[in-house]
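Reader: Before we go through this structure, I would like to know what the terms rest on. Please set each value against its cut-off.

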Amino acid sequence: MKNGTTKGEVKRGIPRTEIKSPIHISKLSIRRIAILLTFGLISALSIQELHGIEELTGGFLIASLLLFILYKDIMRYKPAYAKKFSMLLLLGLMLVCTLFIGKFFSYLFYSLSKGIGFISMEGAVFGMPLPAGAMLVALLFDFHTAITFSFIVSILTGLWLHDAAYTIYVFVGSLVAAFSVIRCKKRSALILGGLYVIAANIFTATIISLFGGELFTAKILPSLIFAVVSGISVSAIVSLLLPFLEYSFKVTTDISLLELLDLNQPLMRNLMIAAPGTYHHSVIVGNLAESAAEAVGVNPLLARVSAYYHDIGKIKMPDYFVENYTGPMSKHDGLTPHMSSMIIMSHVKEGVEIVKQYKLPQPIIDIIQEHHGTSLITYFYQKAKDQETDVLPAEADYRYPGPKPQTRVAALVMMADEVEAASRVLTEPTPSRITSLVDKIINRIFLEGQLDECELTLKDILEVKRRFSYILTGIFHRRVEYPGFDFTKDEGLNKEPAKAHKGKPTEDKKASKESSPSARAPQI
């Protein structure tokens, strides 16, 4: 049972932290309302041309109403953002900064047009890089929030310029900017996003000019030139601000996640050198988790990256884990079951400390803490029970401290870790045996209640089983014999190693049970 959780809440799988007292709810609501009104006032000031009290009051009410719509949309589709004060603050800042950036570039381009001597200075409004805000929201939040954000920015800009046609221009450009970075994995993709914005701006500016009867006037050329400048400015602004916002508000994007997969990362290099077996295990777990994440509709890149680092704590004492075992005897042979279980469990705490030292994103830290949940280290617990003692060992001493997986990605990493480790003990990994193993492992995890606090459905679990079985069947595929070679006979240099390992399969199997995650799995 988690600290601070009542029995009734555990049975329903509801953490106590999610049940707020009336006082807490009141304070939280007041903070949210304060944020909404503050940014509503700032937005009203940013779009005012006349600073009369009536205009300011009207602008404040309109901006607050639009922000309220944005807030309700977040509460309906992404309530996790509303629970984080920093995310609400970031979204509000991005809204007002987008408007201020628009005003700054509007003034700049008007001055530039006047200096160059364009006949029509009205075309300068097409150069405002307002789609940059929607692109940043799509990268830092999600595409759905970016759509609502684009809607609000376009309406406020149309009110500011008193031009309904320009509202369409901003909305289309912002939507295209958000669409262009949905699958963004590299910072160079931001340049391509700017090119898409340029194309959308030119197309929309042409249609607006046609609608206004100005397509064949002197206004169209500067309008199209500034439409191109707007797309270029969007790429430049997003490339400049994205790293700063990621670091300041501790937001993890796919771009920063992809950088963590680089094998030149110090942690990955240390894992390969100090614990090569754990590295290989983590790579396969990453393949399993990524495939399952695609099937259930969560971030596959986060699943792969967190799987790569989920056992990073094993680099502290790699020889105590079977995948890195090279000696003739197990390191656990001279230890008590309780001491062995403490060493096995310590890799979670060590992993959290290591990734915090290297400043990895918080979602990865959370998954490292949760990927074993509160599961029992069955082998050492049973070994302690079999010892001739009058008092049974406390089960809590052989359980991971948790918490249980709080997200679907953490649950996928847990299941992939268990399944991959258990698959190593299959003597003849046929497709039917692999499918049976996957079913038994995942069913056990489900029945133990390890998935109670995440949002995985039974349909999701069925898809996960299918993906795991498919990938493991591919990994353990059969090969045809090489002509002219007989690997069943021990000849030459292979003869002595065969003698050295002769008669010791039981010991190796024992070591496997002791220090791998499959020790918690049922015997298959």
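Author: A polar contact is a pair of N or O atoms within 3.5 Å; within protein, one must be able to donate a hydrogen and the other to accept it, and residues adjacent in sequence count only if both atoms are side-chain atoms. This is a predicted model, in which local features need pLDDT of at least 70, side-chain atom pairs count only at pLDDT 80 or more, and totals for chains, interfaces and linings use all residues. Residues are numbered from 1 along each chain as its sequence is written, and side-chain values use heavy atoms, with hydrogens and water left out.

Reader: What makes Asn-299 a cap of α14?

Author: A side-chain oxygen of Asn-299 lies 3.0 Å from the backbone nitrogen of Leu-301, at the N-terminal end of the helix.

Reader: Why is α14 called largely enclosed?

Author: Buried means under 20% relative accessible area (exposed is over 50%, partly exposed in between; 1.4 Å probe, protein chains only). Ten of the ten residues of α14 (residues 300-309) are buried, so the helix is largely enclosed by the rest of the structure. Among them are Arg-304 and Tyr-308. Their cover includes α13 (276-296) and α18 (408-423).

Reader: How do you know how α15 runs relative to α16?

Author: Helices α15 (residues 337-357) and α16 (residues 362-370) pack at about 170°, axes 9 Å apart. Angles over 145 degrees count as roughly antiparallel (under 35 roughly parallel, 65 to 115 roughly perpendicular, the rest oblique), so α15 is roughly antiparallel to α16. Contact means heavy atoms within 4.5 Å; Val-352 of α15 and Ile-365 of α16 are among the residues making it.

Key
Axes fitted to C-alpha atoms, helices over the stretch in contact; angles between N-to-C directions. Helix = DSSP H or I, 4+ residues; strand = E, 2+ residues; numbered from the N terminus.
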